[in-house]
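Student: Let us go through this model and test each label against its definition. Where do we begin?

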Amino acid sequence: MTVDVLLGLQWGDEGKGKIVDVLTRKYDIIARFQGGPNAGHTLEFDGIKHVLHTIPSGIFHAGIKNLIGNGVVIDPVIFQKEITALKEHKVDVKAALLISRKAHLILPTHRMLDAASEAAKGKNKIGSTLKGIGPTYMDKTGRNGLRVGDIELTDFEERYNTLKGKHEQLLSHYDFDYKADLAKMEEEWYAAVDAMREMTLIDSEHFLHQALAEGKKILAEGAQGSLLDIDFGSYPFVTSSTTTCAGSCTGLGIAPNKINKVFGIFKAYCTRVGSGPFPTELFDNTGEELRAKGHEFGATTGRPRRCGWLDIPALKYAVAVNGVTNLIMMKADVLSGFDSIKVCTHYRYQGELIEHLPYSIDENLIEPVYEEVKGWQADLTGLDNLEDAPQELKDYIKYVEDKIGVPISILSVGPNRTQTIQLEELAI
Ligand code: GDP
Ligand code: IMO
Ligand code: MG
């Protein structure tokens with residue numbers, strides 16, 4: 001069997017959690033392949049609204065295995081809190097969750113380094129979620145990191161202290177008081193590591209190879225979005241992992257030729273949280289309206305999300321980098337009530353009209369060029385099939401499909417699991 005991948009095509013928060021939850025019943029295993037608690041994946045159903053950070057979004061479906069892959073970075077404290085919150089919903093997390101021994105651990109001092117580095121950058125800060133993501137991936141590639149498998153070793157504490165020592169040296173170069181909270185954070189961290197030892201830790205690449213050999217169906221769940229990718233995102237205002245499709249291979253140990261469908265999720269407009277360029281950002285009432293209607297506030301940090309119109313050159317770029325086979329358009333309901341909707345189809349870049357995403361999308365270099373399409377007034381939140389949709393929405397879907405050259409397979413018209421319309425047979 002093969003692996004399908006689901007990932008974000010914009011700057012994150014496209015609605016990945018919701019759609020993974022919707023699709024979970026079609027799969028045997030849901031596997032997160034990168035990122036960490038910088039992610040906030042929201043699921044809504046049966047009166048429950050739940051935000052997941054590290055745990056895959058298939059966790060509410062009994063009988064499905066959920067894997068935290070080797071490409072993920074885990075903060076044991078946040079992870080423990082997630083487990084406690086899920087237990088309140090009667091989810092048997094221990095039975096449903098597997099953790100890769102090769103996943104890296106976020107230490108308290110990683111979080112401090114993140115905060116110190118951001119503070120030192122001043123107005124040039126990345127706008128990090130301050131969860132220690134950057135420093136943890138730096139230790140991974142710098143070959144200093146601690147991994148989940150290390151917690152089973154007798155010299156774990158020694159390894160911890162060696163890495164903490166390195167971090168303290170680095171921290172001493174910053175004008176940043178890290179000492180005040182450290183002892184308390186470490187105590188909490190060690191308690192959470194003890195709890196993690198009770199979970200099922202596995203050599204996950206072998207588990208997945210075996211699952212494939214047995215004909216199991218796997219869905220790889222991405223975090224963040226393609227425009228936050230360490231290579232292809234709006235560097236340096238990106239996260240520190242490979243958020244694009246290739247990340248599912250390195251983050252799970254799956255070979256590229258095992259990948260079948262690539263589901264690319266995007267909002268019918270665009271948002272970004274944190275710093276960095278955003279060509280179609282709106283600074284006017286329309287931007288405010290999108291934020292208010294779309295409840296655009298970060299699921300992890302609560303920060304207001306910056307809002308703007310759909311950016312076709314950026315979307316086309318993400319589709320190409322990921323090899324997207326099926327598009328999923330989210331939050332169409334939020335666009336109800338606009339007389340017209342703008343779509344960026346080109347950029348004016350250094351005096352030229354271009355259709356591709358250039359090296360720099362800094363606002364001083366690039367100006368979005370828009371086309372305007374007719375909006376619709378009807379409330380979509382009760383819509384359950386495309387036939388009953390306003391003609392203008394049908395036209396918008398067709399317009400985007402034609403621009404991108406990939407079909408939109410699923411349309412989302414509200415945050416609830418049920419507010420999801422399948423537009424074509426998925427054959428999973
Ligand atoms: P993720 O990080 O990609 O999983 O997305 P987030 O959970 O951070 O952000 C998506 C937000 O939009 C959440 O609050 C969802 O409940 C909500 N949402 C998802 N799909 C829809 C939709 O179609 N319409 C509306 N109005 N909200 C949606
Ligand atoms: P999900 O999975 C939106 C952004 C941060 C910041 C930059 C770097 O919910 O879509 P980091 O903490 O990774 O060092 O922050 O990336 N960012 C996200 N934005 N959704 C996310 O995840 C994000 N994870 C990180 O705001 O700009
Ligand atoms: Mg999110």
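Tutor: With a definition: a residue is near a molecule or strand if one of its heavy atoms lies within 4 Å of it. Around ligand 2 there are 21 residues, and the closest are Asp 13, Lys 16, His 41, Thr 129 and Thr 239. This is a predicted model, where local features need pLDDT of at least 70, side-chain atom pairs count only at pLDDT 80 or more, and totals for chains, interfaces and linings use all residues. Residues are numbered from 1 along each chain as its sequence is written, chains are lettered from A and ligands numbered from 1 in the order in which they are written, and side-chain values use heavy atoms, with hydrogens and water left out.

Student: How does the shell around ligand 2 divide by class?

Tutor: Into eight nonpolar, ten polar and three charged residues. Ala, Val, Leu, Ile, Met, Phe, Trp, Tyr, Cys and Pro count as nonpolar, Asp, Glu, Lys and Arg as charged, and the others, Gly among them, as polar.

Student: Which residues come nearest to ligand 1?

Tutor: Gly 15, Lys 16, Thr 42, Asp 333 and Ser 412, out of 20 around ligand 1. The side chain of Ser 412 has an N or O atom 2.5 Å from a ligand 1 oxygen. The side chain of Asp 333 has one 2.7 Å from a ligand 1 nitrogen. A polar backbone atom of Gly 40 is 2.8 Å from an oxygen of ligand 1. The protein covers 94% of the 580 Å² of accessible area that ligand 1 has on its own. This shell has five nonpolar, seven polar and eight charged residues.

Student: What space does ligand 1 take?

Tutor: The second largest pocket. A molecule sits in a cavity or pocket if more than half of its atoms lie within 2 Å of its grid points.

Student: What makes a space a pocket or a cavity?

Tutor: On a 1 Å grid over the protein atoms alone, a cavity is a set of points where a 1.4 Å probe fits but cannot get out, and a pocket is an open set with protein on both sides within 12 Å along at least five of seven lines; lining residues have an atom within 4 Å of a point. The second largest pocket holds about 560 Å³ of space. Grid points are joined across faces, edges and corners, and a volume is the space filled by probe spheres set on the points. Its lining has 28 residues, with Thr 42, Glu 44, Arg 305, Lys 331 and Pro 415 nearest the centre.

Student: Which element gives the largest share of that lining?

Tutor: S3, with four residues. Helices (H or I, at least four residues) and strands (E, at least two) are DSSP runs, numbered from the N terminus. H1, S3 and strand S4 (48-52) each supply at least two residues of the lining. Helix H1 (16-23) and strand S3 (41-45) each give at least two residues to the ligand 1 shell as well.

Student: How many cavities of 30 Å³ or more does the search find?

Tutor: Two. Among the residues lining the largest cavity are Trp 11, Cys 270 and Asp 311. The second largest cavity holds about 30 Å³. H7 gives three residues to the lining of the second largest cavity, the largest share.

Student: What makes Pro 236 and His 295 worth a look?

Tutor: Most residues other than glycine have a negative phi, and most peptide bonds are trans. The bond from Tyr 235 to Pro 236 is cis, with omega near 5°. His 295 is not a glycine, yet has a positive phi of about 45°.

Definitions and conventions. Polar contact = N/O pair within 3.5 Å; in protein donor to acceptor, adjacent residues only side chain to side chain. Areas by Shrake-Rupley, 256 points an atom, 1.4 Å probe, with all protein chains shown as cover.
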